[in-house]
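Me: I would like to learn how to read helix packing and strand pairing in a model. Can we work through one case of each kind?

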Amino acid sequence: MPENGWPADRIDTENAHSARIYDYILGGRDYYRADREAGEAMAREWPALPIHMRANRDFMHRAVRYLAEEAGVRQFLDIGTGIPTSPNLHEIAQEVAPESRVVYVDNDPIVLTLSQGLLSSTSQGRTAYIEADMRDPATILRAPEFRETLDLDRPVALTVIAIVHFVLDEDDAVGIVRRLMEPLPVGSYLAMSIGTADFAPDEVGRVAREYAARNMPMRLRTRAEAEEFFTGMELSEPGITQVHHWRPDGSQDGTIRDEDIAMYGAVARKTG
């Protein structure tokens with residue numbers, strides 16, 4: 001039994017995991033041989049994969065900063081957090097507003113073992129972690145960490161970054177997101193990035209087959225399907241766009257090709 005209290009055999013080191021593949025490709029350290037081999041195989045199929053993944057991470061940074069700086073949001077519910085990589089969401093939000101509160105949610109035991117990076121809140125704010133599967137919104141919404149950390153009389157930003165492409169049709173990704181948004185008050189926000197093959201169908205299709213071969217089937221979505229997540233909400237400018245085109249900060253202006261990005265991104269406000 002390790003110091004964190006979780007049995008070591010809860011972490012499957014023999015099979016690749018999407019969060020650890022992501023960590024490997026982004027240059028992290030928290031992966032195993034199976035994850036490295038999977039990441040290398042995927043990058044061979046689509047050499048732009050690291051560019052795509054970094055652009056998605058950068059989108060999360062910009063979206064959270066927008067929500068904290070311009071939208072004035074002070075509470076965040078982050079679904080599918082993944083392995084902590086600084087700056088984490090709460091670090092960005094609390095840099096703007098130290099009193100910000102964040103609840104992280106993930107179902108990979110390794111994320112919990114590394115969660116100290118997610119719980120290093122400012123003294124004015126607060127962070128919490130829930131181990132749960134996003135396909136079971138009720139477990140998330142009734143968790144003590146959710147109710148004790150977030151004030152549902154004030155706006156909350158629900159962030160669902162680079163995860164719904166692992167939610168298949170039978171699990172109803174749109175319905176899941178709507179159920180998570182339902183208890184959040186008017187004035188809350190939804191920030192998402194959504195996997196697509198619209199811009200590089202052959203290459204992204206080959207990457208998807210590599211994931212599927214490792215028991216991680218993907219459901220990539222068209223622009224019209226991405227729009228369904230935001231039905232009835234007020235989209236922030238520039239609306240739904242590839243993640244590198246969403247409020248770029250100039251750091252990579254003109255250096256990323258559209259065909260190297262397989263993710264739509266958007267932020268929208270709950271109006272009713």
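Reply: Start with handedness. A crossing is left-handed if the near helix is turned anticlockwise from the far one by less than a right angle, and right-handed if clockwise. Keep in mind that this is a predicted model.

Me: In which hand does α2 pass α9?

Reply: The crossing of α2 with α9 is right-handed.

Me: What else describes such a pair of helices?

Reply: Two packed helices are described by the angle between their axes and the distance between the axes. Here helix α2 (residues 33–45) and helix α9 (residues 201–213) pack at about 160 degrees, and their axes lie 8 Å apart. An angle over 145 degrees counts as roughly antiparallel, so α2 is roughly antiparallel to α9.

Me: Which residues make the contact of α2 with α9?

Reply: From α2 come Ala41, Met42 and Glu45, which meet Glu203, Arg206, Val207, Glu210 and Tyr211 of α9. Sorted by class, this contact has 4 nonpolar, no polar and 4 charged residues.

Me: At what angle do helix α3 and helix α4 pack?

Reply: The angle between helix α3 (residues 49–69) and helix α4 (residues 89–96) is about 35 degrees, with the axes 9 Å apart. Their crossing is right-handed. On the α3 side the contact involves Met60, His61, Val64, Arg65, Ala68 and Glu69; on the α4 side it involves Leu89, Ile92, Ala93, Glu95 and Val96. By class, the contact of α3 with α4 has 7 nonpolar, 1 polar and 3 charged residues.

Me: Now strands. Is strand β8 largely enclosed or exposed?

Reply: Begin with a general idea: in a regular strand the side chains alternate between the two faces of the sheet. As for β8 (residues 263–270), 7 of its 8 residues are buried, so the strand is largely enclosed by the rest of the structure. Buried here means under 20% relative accessible area.

Me: How many bridges join strand β5 to β8?

Reply: There are 7 bridges between β5 (residues 189–195) and β8, and the two strands run antiparallel.

Me: Where do strands β6 and β7 come in?

Reply: Strand β6 (residues 233–235) pairs with β8 in the antiparallel sense over 3 bridges, and Glu234 is opposite Arg269 in β8. Strand β7 (residues 241–242) also pairs with β8 in the antiparallel sense, over 2 bridges. There, Thr241 has Gly265 of β8 as its bridge partner.

Terms used. Residues are numbered from 1 along each chain as its sequence is written. This is a predicted model: local features need pLDDT of at least 70, side-chain atom pairs count only at pLDDT 80 or more; totals for chains, interfaces and linings use all residues. Side-chain values use heavy atoms; hydrogens and water are left out. Buried means under 20% relative accessible area, exposed over 50%, partly exposed in between (1.4 Å probe, protein chains only). Helices (H or I, at least four residues) and strands (E, at least two) are DSSP runs, numbered from the N terminus. Two strands pair if DSSP finds at least two bridges between them. Axes are lines fitted to C-alpha atoms, for helices over the stretch in contact, and angles run from 0 to 180 degrees between N-to-C directions. Angles under 35 degrees count as roughly parallel, over 145 as roughly antiparallel, 65 to 115 as roughly perpendicular and the rest as oblique. Contact means heavy atoms within 4.5 Å. Ala, Val, Leu, Ile, Met, Phe, Trp, Tyr, Cys and Pro count as nonpolar, Asp, Glu, Lys and Arg as charged, and the others, Gly among them, as polar.
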